[in-house]
Amino acid sequence: MSRREQIVATAATLFAERGFHGVSVGEIGGAVGISGPALYKHFPAKDAILAEMLVSISEELLREGKQRVAGAAEPRAALASLIDWHISFALANKALIIVQDRDWSSLPDEARERVRTLQRQYVDLWATQLRTLDPALDQVEAQARAHATFGLLNSTPHSAFLPEPAMRDLLQEMAERGLGL
């Protein structure tokens with residue numbers, strides 16, 4: 001892991017625990033073993049760390065989602081693979097989900113727009129598979145189903161009480177039902 005990646009990962013944990021405004025640059029630096037001012041060699045400002053954190057994870061979700069759709073034989077398999085990917089993401093990235101939810105308004109405008117664009121594309125990736133599977137489904141309802149499913153899957157910071165294999169199975173079953181599969 002590069003120093004930059006270490007800073008982002010550490011900041012995610014700290015931001016999830018105390019909020020973006022509750023963490024200083026000095027605390028982030030100290031947690032990765034450098035001084036606060038040394039952090040500026042890697043990022044120009046604290047909000048740049050937040051921007052990289054949320055933009056990069058949005059890019060990863062979309063990139064992996066596209067790969068999963070491309071590797072699927074048919075829409076149902078694509079949706080199953082998308083669900084599996086998002087569950088893996090949600091169970092492994094609880095801190096990022098909390099940060100995205102709580103500290104969204106602290107993102108610089110350009111980063112916020114980039115994240116919105118990536119998220120729209122990710123929603124549309126799911127909606128397209130739903131509509132291919134059920135051509136009678138309109139775009140708005142397909143998007144609503146995708147968003148509702150993300151809400152369920154992204155609840156893991158608050159709902160993952162079961163051992164991971166059991167939680168994964170529960171989320172898989174609930175997501176499939178929520179999508180109407």
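How many helices and how many strands are there in the chain? The model is a predicted one. The chain has 10 helices and zero strands.

Start with the overall dimensions. Along the principal axes, the C-alpha atoms fill a box of roughly 55 × 35 × 25 Å. The radius of gyration is 18 Å. For 181 residues the globule rule gives 16 Å, and the two values are close, so the chain is as compact as a globular protein of that length. Of the 181 residues, 42% count as buried. Contacts also reach across the sequence. Among those between residues at least 6 apart, 68% join residues at least 24 apart.

UniProt, in an unreviewed entry, annotates residues 1–61 as "domain: HTH tetR-type". In the model, this span is 72% helix and 0% strand. Its end C-alpha atoms are 19 Å apart. The unreviewed UniProt entry also places a "DNA-binding region" at residues 24–43. That stretch is 60% helix and 0% strand. Its end C-alpha atoms lie 14 Å apart.

Next, look at one helix pair. Helix α1 spans residues 3–18, and helix α4 spans residues 46–70. The two pack at an angle of about 95°, with their axes 10 Å apart. Angles of 65 to 115 degrees count as roughly perpendicular, so α1 is roughly perpendicular to α4. Which residues meet in this contact? From α1 come R4, I7, V8, A11, A12 and F15. From α4 come K46, I49, L50, E52 and M53. By class, the contact holds eight nonpolar residues, three charged ones and no polar ones.

Finally, consider I34. Where does I34 lie? I34 sits in the loop between α2 (25–32) and α3 (36–39). Is I34 buried or exposed? Its relative accessible area is 19%. The cut-off for buried is under 20%, so I34 counts as buried. Leaving aside residues up to four places away in sequence, I34 touches R3, I7, G29, L39 and H42. One of these, I7, also takes part in the contact of α1 with α4. V140 gives a sense of scale. I34 and V140 are 106 residues apart in sequence. In space, their C-alpha atoms are 48 Å apart.

Note on methods:
Residues are numbered from 1 along each chain as its sequence is written. This is a predicted model: local features need pLDDT of at least 70, side-chain atom pairs count only at pLDDT 80 or more; totals for chains, interfaces and linings use all residues. Side-chain values use heavy atoms; hydrogens and water are left out. Axes are lines fitted to C-alpha atoms, for helices over the stretch in contact, and angles run from 0 to 180 degrees between N-to-C directions. Helices (H or I, at least four residues) and strands (E, at least two) are DSSP runs, numbered from the N terminus. Angles under 35 degrees count as roughly parallel, over 145 as roughly antiparallel, 65 to 115 as roughly perpendicular and the rest as oblique. Contact means heavy atoms within 4.5 Å. Ala, Val, Leu, Ile, Met, Phe, Trp, Tyr, Cys and Pro count as nonpolar, Asp, Glu, Lys and Arg as charged, and the others, Gly among them, as polar. UniProt positions are given in the numbering used here, feature names are shortened, and annotations may be inferred rather than shown by experiment. The radius of gyration is taken over C-alpha atoms; the globule rule is 2.2 Å times the number of residues to the power 0.38. Buried means under 20% relative accessible area, exposed over 50%, partly exposed in between (1.4 Å probe, protein chains only).
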